[in-house]
Amino acid sequence: MKKAFITGITGQDGSYLAEFLLEKGYQVHGIKRRASQFNTQRIDHIYQDPHDPNPRLCLHYGDLTDSSNLTRVLHDVQPDEVYNLGAQSHVAVSFESPEYTADVDALGSLRLLEAIRLLGLAEKTRFYQASTSELYGLVQETPQTEQTPFYPRSPYGVAKLYAYWITINYREAYNMYACNGILFNHESPRRGETFVTRKITRGLANIAQGLEDCLYMGNIDALRDWGHAKDYVRMQWMMLQQDAPQDFVIATGQQYSVREFITWAAAECGITLRFEGAGLDERGIVEAISGDNAPGVQVGDTIVRIDPRYFRPTEVDTLLGDPAKAARELGWTPEITTREMCAEMVTEDLKAARQQAFIQSHGL
Ligand code: NDP
Ligand code: GDR
């Protein structure tokens, strides 16, 4: 039985990847962080009792800032494949905690690679690094390919640039099977609640059910290439099954604005919106022009306001990936469109909002 080791298993991608690898017959190991409350909600449905004589999913306490811990767990597990998905992954937060972000996102990758090397696993263990379209930052060409020069625009992007290059360096210096997936934004109903798509689908679902009044947004003219996390974890696994390690761009090749995403999500909630002067202008408003199916919305309600607190000191205005290499060499193409993904996210968030509204209206 093949063994996989996943950092970030409690996150969006880690949870989908763990499901995917369990279905493929792997024994899956992951590290979770000690927190004052349970933080395993995304993987509770695949949790296995450690008293099971042959558990297929095994969780270990661990942290990417702790070398001795990583070395011990890797020594115990002796994995065939390591997926380094753990990170302080929020770009805006990285401006507030730049040093911690660098410690986890840059040095964390080095700690794992060095542990693999020192344990004598360099020949056996294949390594996947969760690289990102944030490396392109202030974009130098459109669409972005594996050859496009990098220009990161946040402490997160700069930390990930180190991780990208240290992965390549260990591949070249120690002949390790180590590769980077340069993934563009990918989302799902499991997306963290402060990333833009989930903030929108959850916020509008709550507004539609009368649980909230208004959604406060930053730069709604930002352009992104958004795929579905399920499609992207499949590609992470495919990258480790090749004869030789290579780096790949993973994207849909389609680009939309945050504004368009808001319009789609609102329509799914039964709200039609009118934008007026919105964008980088905090006086702009986004008003409901009909609220046919949404019990919490009246015509004329201001649904979205621009709040400069969500602007970033340096912004990435536009990202559009070219996934041609992944299609050509691995036969990978995304199966779920951005619009379908938006609908799925709204459906799940509306379900939760209706439950909450029911609880509140019955005084429970
Ligand atoms: P999430 O934020 O959902 O998950 C991050 C994971 O990292 C969580 O499991 C978190 O644990 C864990 N983590 C955070 N800090 C540490 C630490 N110090 N030690 C160990 N684990 C830690 O991210 P995603 O699933 O969306 O992304 C996965 C990876 O892919 C990340 O590296 C991200 O930067 C990268 N990426 C993501 C893209 C996207 O659009 N989603 C695009 C390109 C790259 P906990 O649950 O305890 O917080
Ligand atoms: P990003 O994702 O920074 O691209 O990083 P995020 O969803 O946070 O922002 C996307 C764009 O939307 C704009 N925006 C807002 N963003 C947030 N979070 N909240 C708001 O209110 C808001 N209003 C407008 C942002 O300015 C930005 O332009 C994600 C993360 O998953 C990274 O880990 C990953 O590497 C990259 O995607 C690819």
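The chain holds ten helices and 15 strands. Its radius of gyration is 21 Å, close to the 21 Å that the globule rule gives for 364 residues, so the chain is as compact as a globular protein of that length. The model is a predicted one. Along the principal axes, the C-alpha atoms fill a box of roughly 65 × 50 × 40 Å. Buried residues make up 46% of the 364 in the chain. Among contacts with a separation of 6 or more, 74% link residues 24 or more positions apart.

Strand β4 spans residues 81–84. Both of its faces are covered. Glu81 and Tyr83 lie on one side, Val82 and Asn84 on the other, and all four residues named here are buried. Two strands pair with β4. Strand β1, residues 3–7, runs parallel to β4 and is joined to it by four bridges. In this pairing, Ile6 stands opposite Tyr83 of β4. Strand β5 also runs parallel to β4, again with four bridges. Here Asn84 has Gln129 of β5 as its bridge partner.

Ligand 1 is surrounded by 26 residues. The closest are Gly8, Gly11, Gly86, Ala87 and Ala130. Helix α1 (12–23) and strand β5 (126–132) each supply at least two residues of this shell. The largest share, three residues, comes from α1. By class, the shell comprises 15 polar, eight nonpolar and three charged residues.

Key:
Residues numbered from 1 in each chain as written. Chains lettered and ligands numbered in written order. Predicted model: local features only at pLDDT ≥ 70, side-chain atom pairs only at ≥ 80, totals over all residues. Rg over C-alpha atoms; globule rule 2.2 N^0.38 Å. Buried ≥ 20, exposed ≤ 12 C-beta atoms within 10 Å, placed from the backbone. Contact = placed C-beta atoms within 7 Å. Near = placed C-beta within 6 Å. Nonpolar A, V, L, I, M, F, W, Y, C, P; charged D, E, K, R; others polar. Pairing = 2+ DSSP bridges.
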